[in-house]
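Here are my notes on the model you sent over. Have the structure open next to you and go through the points one at a time.

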Amino acid sequence: MKKIFAVLSIFFISFLTSINVYGGDIVRIGLERAYKNVSQISVNDSAVRVGIGDNNKYSINLGAYVIKPVGNTYYNTEEYKDTYEQAAALLPEYRGTNCITALTDKGWTVYVRADSAKLDKPIVKTGPYCVGFAVNGTYKFIVDGSSACRIMAEDGIISLGENTYRGDIEFYRQGSVMTAVNVLEKEKYLYGVVTSEMPSSWPMEALKAQAVAAGTYVEKNKERHVGYELCDTVHCQAYYGTQKESESGRKAVNETAGKELYYNGEPIDAVYFSSDGGATFNSEDVWSSATPYLKAVKDTYEKESREWTRTFTYQELTNICAANGYGIGNVVAVTAEYTPEGLVSSLTFKGSKGNKTIIKDAIRSAFHPSSEGSLLSRNFRIIGGTQTEGDKVYVIGTEGQKTTEYTSVSAQNGEGKQGKIGNKFVIMDNNSSETVVAAVTTVGTPGTVTLQGKGYGHGAGMSQYGAKAMAEEGYSYTDILKFYYKDVEIK
Ligand SMILES: [Zn+2]
């Protein structure tokens, strides 16, 4: 691909006097966060270059623009001109008609609305890419080409509403709505990604690891969308244009320029996430398939793990299971199984009409119907997990559910104190001093289940907080990447 770009660039420089000359690989980023399927987009720069596809940019300086999808039937006067001004100068000839300057594949011309005149000229129906540029509420010109309209600011940074972007903006139109697509060099895109994904104050080696992971991620994930390659949300990679760029982020990108992660000669799927809380997953424990370089690692570096707690009543758990269509009636208990690294590998809801076990990343999303949404991570312990029913108490441990008379149960708390269930007690594993299932909430009232967790994210690949901790301990970005991605090459 790189070779083809190089050849095309030379061609454009030589013959088409295009100013759109790129040094490296080009990426197409759908600006979904602010401009997905919108009916209009505001451009605050007055001096812009306008074109069709990736060449032939025409300088225009009319004021701030509002760009909208437009469609109509026109006569094409076919008096093609090289500039907007030359074509606009023809408009008085068509006084009394509804006419407008139009940029087409063949250059600038004047379009006359077919319902406002009768001309001996070919009739054209505007195409699927046609957009109109309005200044102060009046359309100044339309762009009606065989591919999407593209603009850039004369100073190289374009302002769309509140946002600013390097490179070009293309309007990916679908009927009456359109999505803004930022077309720019990959390194410039990474300037925006690195410190959108990671604070600019973090150590340089962590930022460099992030830059290489983000750059490699691009290579492997270019087909996630239609109309553009990646979006600007965390669905792909967070990207805020120039707003979250920083000196340190640009330095990290520049110092790792062209470096990518490979396994068996192929770019890897360099997935990453915020915080692992102490261990990562095998990819097959998160998604469907096993990936040789996405292996569980016990993470002894990460220090500032995100901690979280979620408490549910049994009624809330029953509602969640009902919303998910599990059909298990009233939830009476929740139990978990763990990976060797101590992460939740399966979660079982025990209900009055049956049980439901869920695995992989669906464990997090199972909680989506709840008020706070999906779980932040699968690195958690279950506290509670018991439910009273009349004078019975259910205790759920590693061996499953045990039922006994309420009055005959006693338990020991964390300080070794024994007593009847009825207060808060911690249930201990026979073999260790660790809390296994923890504790029983007040008997006699409907109990709650608390999930106490660490970490944030899907858990496969690189932990960003882990990368930070490794960098603080003096590890290099290559050490960091090789710790989280197994047996990869960096080149
Ligand atoms: Zn996406």
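1. Which residues in H9 meet which residues in H10? On the H9 side they are Gly466, Ala467, Met470 and Ala471, and on the H10 side they are Asp479, Ile480, Phe483 and Tyr484. Sorted by class, that contact has six nonpolar residues, one polar and one charged. Keep in mind throughout that this is a predicted model.

2. Now look at how these two helices sit together. H9 covers residues 464-472 and H10 covers residues 477-484. Their axes are 10 Å apart, and the packing angle is about 140°. Angles over 145 degrees would count as roughly antiparallel, so H9 and H10 are described as oblique to each other. The crossing of H9 and H10 is right-handed.

3. Zoom out for a moment. Of its 491 residues, 43% are buried. Take the contacts in the chain with a separation of 6 or more: 65% of them link residues 24 or more positions apart.

4. Next, find strand E11, residues 138-143. Strand E7 (residues 99-104) pairs with E11 in the parallel sense, over three bridges. Strand E10 (residues 131-135) also pairs with E11, but in the antiparallel sense and over five bridges. As a reminder, strands of a sheet pair through backbone hydrogen bonds, and the pairing can be parallel or antiparallel.

5. How many residues lie between E10 and E11 in their hairpin? There are two, and Asn136 in the turn has a positive phi of about 50°. Click on Asn136 if you want to see the turn for yourself.

6. Last stop: a sheet of three strands. The sheet is open, its order is E19-E18-E35, and the pairing is antiparallel. Strand E19 (266-267) and strand E35 (489-490) are the edge strands, each pairing on one side only.

7. Within that sheet, E18 spans residues 261-263 and is joined to E19 by two bridges, with the two strands running antiparallel. For one of the bridge partners, go to Tyr263: its partner in E19 is Glu266.

Definitions and conventions: Residues are numbered from 1 along each chain as its sequence is written. This is a predicted model: local features need pLDDT of at least 70, side-chain atom pairs count only at pLDDT 80 or more; totals for chains, interfaces and linings use all residues. Two strands pair if DSSP finds at least two bridges between them. Helices (H or I, at least four residues) and strands (E, at least two) are DSSP runs, numbered from the N terminus. A residue is buried if 20 or more other C-beta atoms lie within 10 Å of its own, exposed if 12 or fewer, and partly exposed in between; C-beta atoms are placed from the backbone. Two residues are in contact if their C-beta atoms, placed from the backbone, lie within 7 Å. Axes are lines fitted to C-alpha atoms, for helices over the stretch in contact, and angles run from 0 to 180 degrees between N-to-C directions. Angles under 35 degrees count as roughly parallel, over 145 as roughly antiparallel, 65 to 115 as roughly perpendicular and the rest as oblique. A crossing is left-handed if the near helix is turned anticlockwise from the far one by less than a right angle, and right-handed if clockwise. Ala, Val, Leu, Ile, Met, Phe, Trp, Tyr, Cys and Pro count as nonpolar, Asp, Glu, Lys and Arg as charged, and the others, Gly among them, as polar.
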